[in-house]
Amino acid sequence: MLGGPGAVGLSMMVDAQAIAKLSPRQWLAAEDPASRFQATCGSLYRAGRALLANKLALVGLLIVIALVLAALFAPLLAAGVSPLTQDLAGRLAPPGAAHWFGTDELGRDTFARTVYGARATLAIVALVGVIVAPVGLAVGTAAGYLGSAADRVLMRLTDIFLAFPRLVLALAFAAALGPGIENAVIAISLTAWPPYARLARAETIAIVRSDYIAATVLQGASTLRILTRHVAPLCISSVIVRLTLDMAGIILTAAGLGFLGLGAQPPTPEWGAMVSAGREVILDQWWVATIPGFAIFAVSLGFNLLGDGLRDILDPRSR
Amino acid sequence: MSVEAAPGLSAAGARDGTGSRSHGAATRLARASARAASLLGSLALTFLGLTAVTFFIGRMSSIDPVIAVVGDHATREIYDKARIAMGLDRSLVEQYLIYLGKVLRGELGSSVITSHPVLADLMHFFPATFELATVAILIGVAFGVPAGVMAAARQGRGFDHVVRVVGLFGYSMPIFWIGLVSLFLFYGKLGWVPGPGRIDAFYEDVLEPRTGVILIDAALAGEWDIFRNAFGHLILPASLLGYLSLAYIARMTRSFMIDQLRQEYVTTALIKGRSFVGAVWRHAFPNILVPLITVMGLSYASLLEGAVLTETVFAWPGLGLYITRSLFNADMNAVLGGTLVVGGVFIGINLTCDFLYRLADPRLREA
């Protein structure tokens, strides 16, 4: 067991054995992670466990997952029934064996249309999120880090956009550019980004004086590098919480636009438009308007529950 | 918002050392007016931004504004002349300034459908939305604030859970859907409320519109039949909007109160012999008034937006219905004018909140 290369080889063998003995769970929960990869995996694991322990947040997560699955695998879930085939002889049929949710005023299967409608909802939510979070982060971190004049100008800009009425502005956009998902997304994004800028700015201001930022400056890092690699990652958890909670409201706004006929255009199924179409027959055929509306409600509720759960984990101070 | 006092006056105050009373008052006045100027400046900037956006949207429209005036069959000469007369040959910045001038004078164009000036139309339809939103916010505040406070006081127990669930449902609910469903239930099936519209056709145009708010006008004229009828029409949409508002206000109040009740001064008050109720309402509650005013302002603003959808469902002849109808008739002047007015009301709400902050928190009264 002594002497030169033999000893080194043996100690390496012993270490390898020790590592191999760690189960995946032990590796994730290790108190002293050996690499950044292990540390990231570990914190994700802990966050995931905390989330799953919260029953309501779990319900929210399941609903959101159901939305994504419905959007991705719509043909499978609708059992091959097309949301577009009309059957005027069988229009306004009540829920039954042939049509689980009944048929609408043109004889299209409501269940299939509800499932395919998830695509329009998911598209709007994803697009708005992808636009709004980076823009808000960029503006907020720049304002917080650069300070003085840049900060004042950017915050003034943020305040101006905060004062815009969201739905009415979307209506004006639609009036000018015509209805459609893209215009709805632009209109919603224009008014949805300011809160993220404020959030990112508040977080940035809190950390901009810390020593490690000063250290990176001394090492010669450019402002861009500091902002993107050191400041922004710290703001991400608040942004994610806020984004999830905002998604609930954005779904409602998008559905409202669809209700007014400004979202996805017919014949593409969209929940808000389906509620509007069912409005005329609500007294006798309640299912045409009620079921898509319930889908909107359920998805919004899911995002709210998930967002509340995420906030409890990631930001417990602000209950 | 930093306050830059007028240099001359502050220098005078500094020269005087502690300053006599008159110099103190002068500096206070200077600071207050500087603050007011700064506030008006930011409001003006916001309004400019709003007009820039509406101007830009108007320019993006695919409808050629010249053709809208001269018609399809105009000759090239007439088209060019009209174009110059409308100022469309000038630079974009000049056109924007002309537009801004018109807006400030109240000339928002004429509506294509009603052929009235847009501003007159908006003034005609605004009271209905105002009535709806105001009754809704009153319901929201009257029920939401106590519910939030009591939920925070009983955190973790039965009442808290009820408030949280009720609130959660409230801000996940699409207003147009719940409006439709409740109209179906309470009007279609149960017959508890009169139907859509602001007032039965029987009573329309009977009252002389003094404020435009039917409830107030009917009460002033002593027409209690009309008052009851209008109230019956108002109760359902206002309750639904009120529920939405209540959910948001209760949630935020609860969150603020939980933060306050955790602080040491509450424990101190309890130890010194205050009852729990007293500690909650007289010590903790006044501290949340400032963020609560912000929340109420935000809620009122979102109620105005929610009214757009509610008015469509309940055929309530307000601003929202006017804007959506103009939208479907491609009446750009009306849509943009309506957007400006709604944006202006948002700015007005911000201003009112700023004013209310100073009333609520004595520390904000001094610079």
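The model is predicted, so local features need pLDDT of at least 70 and side-chain atom pairs count only at pLDDT 80 or more, while totals for chains, interfaces and linings use all residues. Residues are numbered from 1 along each chain as its sequence is written, and chains are lettered from A in the order in which they are written.

**Chain B**
- The C-alpha trace of chain B spans about 85 × 75 × 40 Å along its principal axes.
- Of its 367 residues, 34% count as buried, meaning that 20 or more other C-beta atoms, placed from the backbone, lie within 10 Å of the residue's own.

**Contact between the chains**
- Chain B gives 42 residues to the contact and chain A gives 37, two residues being in contact if their C-beta atoms, placed from the backbone, lie within 7 Å.
- On the side of chain B that touches chain A, the elements giving two or more residues include α2 (21–60), α10 (224–261) and α15 (332–360) of chain B.

**A:Q38**
- A:Q38 lies in helix α3 (residues 36–53) of chain A, and it is partly exposed, with 14 other C-beta atoms within 10 Å, a class between buried and exposed (12 or fewer).
- Not counting residues up to four places away in sequence, A:Q38 touches A:W27, A:A30 and A:P33.
- The C-alpha atoms of A:Q38 and A:W27, eleven residues apart along the chain, are separated by 7.7 Å.

Note on methods
Helices (H or I, at least four residues) and strands (E, at least two) are DSSP runs, numbered from the N terminus.
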